[in-house]
Amino acid sequence: QVQLVESGGGLVQPGGSLRLSCAASGIIFRLYTMGWYRQAPGKQRELVATINAGGATTYGESVKDRFTISRDNAKTTMYLQMNSLKPDDTAVYYCKANLGGAAVGVYWGQGTQVTVSS
């Protein structure tokens, strides 16, 4: 039974910071590419950041100098440190896991709400 559980979302003021966590179970975590995606109402789901099994990272252009993705294989947990938050960062943030280079076996978490507002 594969499970991805996000936590750490909430309400934060513009310019503030949050750290999201994604706890994984039911997969060999160290072999998986992990990622964060987000979706705002009426908009397409978009890439935020990914980190592969070797630790290489990618970022969406809108977050690349403000967010940092990381993983702790011993804890089977992925993190997203979000700094200098803007109202446009408001969205549901989803955790994703997949084997790198594979088109099957993609898993998603349930999402956690991030709201940036004063």
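I count a salt bridge when a side-chain nitrogen of Lys or Arg lies within 4 Å of a carboxyl oxygen of Asp or Glu. This is a predicted model, where local features need pLDDT of at least 70, side-chain atom pairs count only at pLDDT 80 or more, and totals for chains, interfaces and linings use all residues. Residues are numbered from 1 along each chain as its sequence is written, and side-chain values use heavy atoms, with hydrogens and water left out.

**Salt bridges**

I found five salt bridges in the structure. R38, E46, R66 and D89 are linked in a network of them. R38 pairs with E46, closest N and O atoms 2.7 Å apart. D89 also bridges to R38, at 2.9 Å between the closest N and O atoms. That pair links distant parts of the chain, 51 residues apart: D89 is in the loop between strand 8 (77–82) and strand 9, R38 in strand 4. I take strands as DSSP runs (E, at least two residues), numbered from the N terminus.

I checked burial next (buried is under 20% relative accessible area, exposed over 50%, partly exposed in between; 1.4 Å probe, protein chains only). R38 counts as buried because its relative accessibility is 5%. E46, at 34%, counts as partly exposed. D89 is buried.

I also looked up K64 and E61, whose side chains meet in a salt bridge at 3.8 Å, N to O. E61 has 64% relative accessibility, so E61 counts as exposed.

**Disulfide**

I found one disulfide (cysteine sulfur atoms within 2.5 Å). C22 is joined to C95, S to S 1.9 Å. C22 sits in strand 3 (residues 18–25) and C95 in strand 9 (residues 91–99), 73 residues apart. The S-S torsion is about -70°, so the disulfide is left-handed. Both C22 and C95 are buried.

Notes
Helices (H or I, at least four residues) and strands (E, at least two) are DSSP runs, numbered from the N terminus.
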